[in-house]
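Thanks, everyone. Let me put the model on the screen and walk you through a few places in it.

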Amino acid sequence: MGRRRADGRPPTPATEAGPDPRRWKALALLCAAYFMVIVDSQIVILALPAIESDLNFSTSGVQWVLSAYLLSFGGLLLFGGRTADLLGGRRMFMFGTVLFLITSVICGLAWTSEVLVVTRIVQGVTAAIMAPTAMAVLMNTFGEGSDRNRALGIWTAIGAFGATAALLIGGVITDRPGWECIFFINIPIALVVLFLGPRLLRETPIAQGRRSFDPVGAVTITAGLALLIYVIVEAPEVGWGDATTLGLLAVAAVLIIGFIFVEQRVAQPLIPLRVFRSPTLVGGNIMMLLVAMATYGGALITSLYAQEVLGYTAIFFGLSTAVYSAMSIVGSNVSGLVATRVGFKPVAIVGMTLLGIGTLLLAQVSAYGNYFGDLFWGLLIFGIGIGIGTTVVASSIAALSGARPREAGLASGINNSVFQIGAALGIAVCSSVALAFTRAEGPAREALTEGYQAAFMATAVMAGIGLLVAVTLMAVRQSQPRPAARTTDTSQPTEEPSTVTAGQD
């Protein structure tokens with residue numbers, strides 16, 4: 001292995017032989033893959049009505065095209081990051097890219113609703129491998145200092161742009177070549193990554209000694225959350241008091257409790273539960289969960305209202321979300337500067353307030369409305385306070401500020417996992433509320449509008465709870481993370497922050 005660094009870890013290319021001359025080309029390749037992963041988490045939003053019609057989805061079932069990806073992505077992000085340490089970041093990144101390419105082709109060719117949902121689950125799993133392993137390669141390619149900071153800044157910007165660009169390009173693709181092409185656009189990107197990856201990317205150090213994946217923890221938490229979301233989606237039709245609903249809720253609870261039991265007993269837990277002793281970390285992650293729920297739930301309902309009630313084409317509505325996308329980017333940049341000056345807590349309160357005001361305005365949509373009268377102002381304010389803008393910046397700072405320095409990568413991974421899981425939960429809740437409040441009689445536009453109004457109110461409630469959490473955090477005195485103990489702790493992560501997982505930063 002050659003000489004080792006003072007901390008005992010294998011040297012990175014930057015510390016062993018100077019900066020890698022191919023590092024910026026490698027960054028461009030990694031960012032292209034990251035952009036592809038993030039776009040796929042939102043691009044289907046505008047295509048859902050077309051997919052529902054073509055593949056004969058039920059009204060409640062079509063949301064699984066989106067939720068299946070988000071849930072498997074978020075539920076397995078930390079597990080995917082662990083594979084980089086145990087099997088090699090580049091190896092697992094390339095393996096994930098191959099699977100992502102295959103699943104993208106199958107999604108585009110899906111001949112039934114079941115095939116599409118199952119393939120989206122697998123695609124989410126591959127994304128959970130690609131994102132954190134790409135970050136591991138990035139951290140191994142750039143040594144500490146200005147170059148790495150610039151690279152991380154570019155990486156974060158690509159994530160924010162990908163999340164907003166998905167809505168802008170999704171409508172164009174859906175209306176022109178067809179919804180199948182929202183998956184086929186991944187093919188050329190993945191092929192370029194697979195061709196250039198072996199030439200530009202170096203393998204990351206592989207952890208020595210006995211290490212564990214904690215597959216039981218990964219399976220129990222993901223299965224428990226999936227079952228919980230399934231119950232939320234199906235309960236309005238079968239009834240919350242139905243024996244099947246109650247039975248499935250009980251099974252979901254057993255799985256989630258089982259996850260906690262497993263994490264307390266395995267040598268290398270997926271999530272060491274002691275990290276949740278920090279009230280700031282817990283509060284930040286609760287805010288992140290609620291922001292993701294409101295953001296994705298609100299975006300889905302807005303798309304359905306615009307297309308199914310106002311009759312907008314996917315391309316027209318996709319372009320009309322430019323104000324929403326622009327404001328979220330502005331909010332992200334401004335809030336980062338403001339948080340540095342006044343702290344994240346006031347920013348969180350302002351962000352949650354704006355998120356709530358935006359969703360309350362959207363809750364006033366009418367059956368015979370128009371873009372400027374019913375959507376523009378709500379989207380404008382909602383965009384400023386949205387997840388990838390003001391509120392997620394504050395939530396991320398809160399979640400990370402309570403972590404020990406050695407646990408920064410773990411805390412970031414948890415934070416990003418929570419965002420993806422919250423997105424899936426928000427979609428499920430808003431879809432369920434919309435279905436429950438849609439009248440069975442009367443004009444279709446009016447019946448649908450009542451359901452969408454209720455769903456927007458649900459997102460406002462999410463933002464309101466998030467505001468209460470932010471206010472509570474104001475009363476919590478920030479304590480400095482305690483230094484790590486000198487004694488050996490088998491549950492303490494020993495890797496560098498190369499396993500910081502990638503999601504919404």
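Start with the lining of the largest cavity: Ile45, Leu46, Leu167, Gly298, Ala299, Thr302, Ser303, Phe317, Thr321, Tyr324 and Leu379. A cavity here is a set of points, on a 1 Å grid over the protein atoms alone, where a 1.4 Å probe fits but cannot get out; lining residues have an atom within 4 Å of a point. The space inside the largest cavity is about 60 Å³. Volume means the space filled by probe spheres set on the points, with points joined across faces, edges and corners. H13 gives the largest share of that lining, 4 residues. Searching the whole structure turns up 2 cavities of 30 Å³ or more.

A word on the source. This is a predicted model, where local features need pLDDT of at least 70, side-chain atom pairs count only at pLDDT 80 or more, and totals for chains, interfaces and linings use all residues. Residues are numbered from 1 along each chain as its sequence is written, and side-chain values use heavy atoms, with hydrogens and water left out.

Now the overall picture. The protein has 20 helices and 0 strands. Both are DSSP runs numbered from the N terminus: helices are H or I with at least four residues, strands are E with at least two. Of its 505 residues, 57% count as buried. Buried is under 20% relative accessible area, exposed is over 50%, and partly exposed is in between, with a 1.4 Å probe and protein chains only.

Next, the core. Which residues touch the most other members of the largest nonpolar core? They are Phe93, Leu116, Leu138 and Leu375, out of 128 residues. Helix H13 (residues 279-308) gives the most to this core, 14 residues. A nonpolar core is a set of buried Ala, Val, Leu, Ile, Met, Phe, Trp, Tyr and Cys residues joined through side-chain atoms within 4.5 Å. Take Leu138. Beyond its neighbours within four places in sequence, Leu138 is in contact (heavy atoms within 4.5 Å) with Leu27, Leu30, Ala151, Leu152 and Trp155.

On to helix H17, residues 371-385. It has 15 residues and spans 20 Å from first C-alpha to last, close to the 21 Å expected. That expectation is 1.5 Å times one less than the number of residues. Buried residues in H17 include Leu375 and Leu379. So Leu375 of the core and Leu379 of the cavity lining are both buried residues of this helix. At the start of H17, a side-chain oxygen of Asn370 comes within 3.3 Å of the backbone nitrogen of Phe372.

Now Thr204, in the loop between helix H10 (186-200) and H11. Buried or exposed? Thr204 is buried, because its relative accessible area is 8%. Its side chain reaches the backbone nitrogen of Gly89 at 2.6 Å. The Thr204 side chain also makes a polar contact with the side chain of Glu203, at 3.5 Å. A polar contact is a pair of N or O atoms within 3.5 Å; within protein, one must be able to donate a hydrogen and the other to accept it, and residues adjacent in sequence count only if both atoms are side-chain atoms.

Last stop, Val117 in helix H7 (residues 113-141). Val117 is buried, at 16% relative accessible area. Val117 and Ala68 are 49 residues apart in sequence, yet 6.5 Å apart in space, C-alpha to C-alpha.

Terms used
On a 1 Å grid over the protein atoms alone, a cavity is a set of points where a 1.4 Å probe fits but cannot get out, and a pocket is an open set with protein on both sides within 12 Å along at least five of seven lines; lining residues have an atom within 4 Å of a point.
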